[in-house]
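Dear colleague,

Please find the structure below, handed over for your records. A summary of the findings follows it.

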Amino acid sequence: LLNTYKFYATEGVMHGFKIQKRHQPLMEVIEFCNTNNIKTAYGGWNTTYITTFLSAGSLTVAEYFHDREVRGKILKEKTLADPEFAVITKIKERTDLYRAYLENNKIGFKEKQIGIYTIFWNFSGPGPDVDRLRRLI
């Protein structure tokens, strides 16, 4: 128990015996998606589960990895039915990969930077090319 307390105190979650509320940049991402009527998104493993949890169900986020991933297969199947979706990236190389794919395939899109996250959405172009964004990596 003492080790758990020390961990949370070091991480800034606890101060004394009180829980400290910390700014969570993903809350701004969730608010943006809600404002823009985005209900489905794709992202990296860590972003996926934290965002789905924090949104309390208003945003469903699945992994954008190929189907080789076992985690989240049912969730990913559910998201495929939504024609309007976003991609949330955090790692620069993945952001650059998505931007290059969109531009090289002449897919229209919007892009928004929120802190360390980049959101791509409002895709327009050939259906198969747009659908490939769901599992590009």
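How many helices and strands are there in the protein chain? The protein chain has six helices and seven strands, where helices (H or I, at least four residues) and strands (E, at least two) are DSSP runs numbered from the N terminus. Read from the N terminus, the order of elements is α-β-β-α-β-α-β-α-β-α-β-β-α.

Please note that this is a predicted model, in which local features need pLDDT of at least 70 and side-chain atom pairs count only at pLDDT 80 or more, while totals for chains, interfaces and linings use all residues. Residues are numbered from 1 along each chain as its sequence is written, and side-chain values use heavy atoms, with hydrogens and water left out.

Of the 137 residues in the protein chain, 35% count as buried; buried means under 20% relative accessible area, exposed over 50%, and partly exposed in between (1.4 Å probe, protein chains only). The protein chain exposes about 8,600 Å², of which carbon and sulfur atoms supply 57% (Shrake-Rupley method, 1.4 Å probe; for residues, only the protein chains shown count as cover).

A search of the whole structure finds seven aromatic pairs. Rings of Phe, Tyr and Trp (its six-membered ring) pair if their centres lie within 6.5 Å; planes under 30 degrees apart count as stacked, over 60 as edge-to-face and the rest as tilted. One of the pairs is Tyr42 with Phe85, edge-to-face at 5.4 Å centre to centre, with 90° between the planes. This pair links distant parts of the chain, 43 residues apart: Tyr42 belongs to strand S3 (residues 40–43), and Phe85 to the loop between helix H4 (73–79) and strand S5 (86–89). Tyr42 is buried at 0% relative accessibility, and Phe85 is buried at 4%.

Phe109 and Phe120 also form an edge-to-face pair, 5.8 Å centre to centre and with 65° between the planes. Because Phe109 lies in strand S6 (residues 108–114) and Phe120 in strand S7 (residues 117–124), the pair ties together parts eleven residues apart in sequence. Phe109 is partly exposed at 27%, whereas Phe120 is buried at 0%. Together with Tyr64 and Tyr98, Phe109 and Phe120 form one aromatic cluster.

Thr89, in strand S5, is buried with a relative accessible area of 1%. Leaving aside neighbours within four places in sequence, Thr89 is in contact (heavy atoms within 4.5 Å) with residues including Tyr64, Tyr98 and Phe120.

Yours sincerely
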